[in-house]
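Here are some friendly notes to read alongside the model. Please keep the viewer open as you go through them.

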Amino acid sequence: MSAHPHPEGKLPHEPERATLEGRNKVLGFWLFLGGETVLFGTLFSTFLALRGQVGEGNPTSHELFNLAMVAVATLILLTSSLTSVFAIQAMHKERVKAMIGWLIVTVVFGLLFLGLEIYEFAEYAAEGHRFSTSAFSSSFYTLVGFHGAHVAFGVIWISILVGQIVKKGLTVVTAPKIYVAGMYWHFIDVVWVFIFTVVYLMGKVG
Amino acid sequence: MAHEVPVKRYRGLMDWLTTVDHKKIGILYLIAGGFFFLVGGFEALLIRIQLWKPMNDFVGADNYNELLTMHGTTMIFLAAMPMLFALMNAIVPLQIGARDVAFPFVNALGFWTFFFGGLLLNLSWFTGGAPDAGWTSYLPLAGPTYNLDHGVDYYVIGLQIAGIGTLIGGINFLVTIINMRAPGMTFMRMPMFTWTAFITSALILFAFPALTVGLVALMFDRLFQANFFEAAGGGNAVLWEHIFWIFGHPEVYILILPAFGVISEVVSTFSRKRLFGYSTMVFATVLIGFLGFMVWVHHMFTTGLGPVANALFSIATMLIAVPTGIKIFNWIFTLWGGSIRFTTANLFAVGFVPTFVMGGVTGVMLAAAPADFQYHDSYFVVAHFHYVIVGGLILGIFAGLHYWWPKMFGRMLSERLGKLTFWTFFIGFHLTFFVQHFLGLLGMPRRVYTYLDGYDFNELNLISTIGAFLMAFGTICFLVNIVVSFRKPADAADDPWEDGRTLEWSIPSPAPEYNFAQTPLVRGYDALWKEKMEGHGTMSPAEPAGPIHMPSPSILPLLMSVGLFISGLGFMYADNDWPNPFFSQLFGTHIVAVLGLAVTLGCMLIRSLKDDPGFHIDPEEPQLKGVKA
């Protein structure tokens, strides 16, 4: 029940599931991601319903999208998923320094991705594709922007967690937080795979 | 304990503002939900007064639209769901033998976001006009082209804030039920009310995010000139209907399933019989939950989606009658041959069964797409959904409140006043809504503020209005009953009905802060009844007695919700025409909106950085017994 640290200073095998609080947190987060799936599913449906609604004289997705840049962003984000796996693996081996290192790499990749996205949005806006231009633009910025906001939130969240680990070390209290943040990071990467396919690939060639 | 940290514990008002105890949160939900129920009921009375005679000018068209919108929105989101959450919070952890819920802090946050979302919504009455586009807020009526004042802004922002609370409450119950059942409490031994709470929570998890997206899109259209639903910018108004009903249809099952659970518990207890067909009841609950997501288009038969879509969704809708019918027969067979006691709770439960059947029958009538073209937007629809929601859900809540009142507050409600409540409310209900079927068939449309003389509408509307006042009288009887009960000492027995079957009746009334001094060992379905029948009388413990770990109280949930409340106002009034340059500067630069969000995010940061060691209770300490209510 309680959140006591392990007595002999040795972590249990899966520290994120060692306490009931930890198990609750992991299960609750899986369920939360179920809700997030509905959220993004609805955003995708909205985008698909409206993506052809480009006003006269406004750029279409075909004219607009810069696939090369988006592909680089995709590569960066997918790599960050891998580095977050390394962080969790390091946690399970109790290699705290390596874990912190991989988390920082993950955050840096997240920031790079965000930077590219901001640059991309600014470029589109300069080409006359603003939030209020058309139904296509509104749904595009809302879907991709929601994802971007999730990445930004994840970057801040993982940074705070790194600070906590440095201060408190890896315990049965902090381990579930790291694990759950890892789940979150994978989730936003999976969502990005769908965005890359449905928004960008289908927008360019579909 | 190794690292005991003293935890500040509050008294009086601060205790209620900082509580993370699920039983106290249940009481808070009951008070707030009950308050909004009275507000929504008052709005309903004003509507009925306006319609009591032809060409009445009591409230006028504009106010009528606001009343209609706010009555629906308030009753669904701010009265019915919170009162169900009240029962779920108060009872579900007790029924599964848990010390606490999975996320006490999040549970408190869920209550406060609901409360401040509801306050924000109702604030609109005092700041220049409530939302007036109907509780479904259909586009383009609710869009910025046709709806210029702030009413619908309050709707989109208030419901978003309240929706957060519902969603995290649902996740909390799911995890509590999956992870925190007492030893031996397998899924197929869970009481029916817990089962329905479980399925309802799953529906909340998958329905509410869709509503959130719809509300965000509408908010973007209204506040930031987006084009989701604006035809001029290529938007699509039917898209709103899809998004709203993919949430909205499961919502009616979110509402009714816990009421089914209450009825199952009450009928079984007061028949002194095991619930007939328990496993089919579980199956029916899961099936209704699943089908609830498959039928949203039956709200849109007349939208023009074509005969194939209409036929498929017609059939899917009618399928729901099968598991519902299973439930109805199971309740009847539970009563059959039982030694029935007609307590107030059981009167409400028995009254529920035929009433809900009537609502179900008109539901199947509406599910026939060709017939729906005739009934659509007539008073027949109003009669139908009030039969299922008031005749189902509200009767269920009344049954549950009378049944569990002693467990929540340690006091018995007066049976005499309870029976007066039942008969006036029940008769008033049928008087109000039965005649509305005929008004609909005669051609009276819904959502219009008046009607002409000479269409045979007059007498039926008058009867309906009289019925509404009788229901109001029944509600007042219930309030009097509450006041009377609080003038008496709290002396309810552990098992005041003497036929209690489930775990909540094995502990004191009201339940102590830690629920179970020792986690009980569950040895079968109807765990307490089984022990009674085998001559033990009480549950045997599954663990030795010892200090119990409890979470610390916290003011953060309240502050986070206040932050969202402020932020909502900030976004809403950003482009307002303020006469005062200071205010236009303040709101126009989104300072208020950002400040509110900063409060919320800051509280999240504090919560994340500060570990909650909690405190320990020794269950032998007598002064700690009982949730002080």
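Is B:Asp456 buried or exposed? B:Asp456 counts as exposed, at 56% relative accessibility (buried is under 20% relative accessible area, exposed over 50%, partly exposed in between, with a 1.4 Å probe and protein chains only).

A word on conventions: this is a predicted model, where local features need pLDDT of at least 70 and side-chain atom pairs count only at pLDDT 80 or more, while totals for chains, interfaces and linings use all residues. Residues are numbered from 1 along each chain as its sequence is written, chains are lettered from A and ligands numbered from 1 in the order in which they are written, and side-chain values use heavy atoms, leaving out hydrogens and water.

1. Backbone at two loop residues. B:Asp456 is found in the loop between helix H14 (415-442) and H15 of chain B (helices are DSSP runs of H or I with at least four residues, numbered from the N terminus). Its phi is near 65°, a positive value in a residue other than glycine. B:Met55 also has a positive phi, near 55°. B:Met55 lies in the loop between H2 and helix H3 (60-95) of chain B, and counts as exposed at 51% relative accessibility.

2. Cis peptide bonds. Take a look at the bond from B:Leu139 to B:Pro140, which is cis with omega near 0°. B:Pro140 sits in the loop between H4 and H5 of chain B. The bond from B:Ser509 to B:Pro510 is cis too, with omega near -10°, and B:Pro510 is in the loop between H15 and helix H16 (527-533) of chain B.

3. A helix pair in chain A. The axes of helix H3 (residues 67-92) and helix H4 (residues 96-126) of chain A come within 8 Å and cross at roughly 160° (axes are lines fitted to C-alpha atoms, for helices over the stretch in contact, with angles from 0 to 180 degrees between N-to-C directions). H3(A) is therefore roughly antiparallel to H4(A) (the term covers angles over 145 degrees). The residues of their contact divide into 20 nonpolar, five polar and two charged (Ala, Val, Leu, Ile, Met, Phe, Trp, Tyr, Cys and Pro count as nonpolar, Asp, Glu, Lys and Arg as charged, and the others, Gly among them, as polar).

4. A helix pair in chain B. The axes of H4(B) and helix H5 (residues 151-179) of chain B come within 8 Å and cross at roughly 160°. That makes H4(B) roughly antiparallel to H5(B).

5. Aromatic pairs. Over all chains, the structure holds 88 aromatic pairs (rings of Phe, Tyr and Trp, the last by its six-membered ring, pair if their centres lie within 6.5 Å; planes under 30 degrees apart count as stacked, over 60 as edge-to-face and the rest as tilted). B:Phe36 and B:Phe114 form an edge-to-face pair, with ring centres 6.1 Å apart and planes at 70°. The pair links distant parts of the chain, 78 residues apart, with B:Phe36 in helix H2 (residues 22-50) and B:Phe114 in helix H4 (residues 104-123) of chain B. B:Phe36 is buried at 1% relative accessibility, and B:Phe114 is buried at 3%. Both residues belong to a cluster linked by ring pairs, whose members include B:Tyr29, B:Trp112 and B:Phe565.

6. A charge over a ring. The charged end of B:Arg607 sits over the ring of B:Phe105, 3.9 Å from its centre (NZ of Lys or CZ of Arg must be within 6 Å of the ring centre and within 35 degrees of the ring normal).

Conventions:
Angles under 35 degrees count as roughly parallel, over 145 as roughly antiparallel, 65 to 115 as roughly perpendicular and the rest as oblique.
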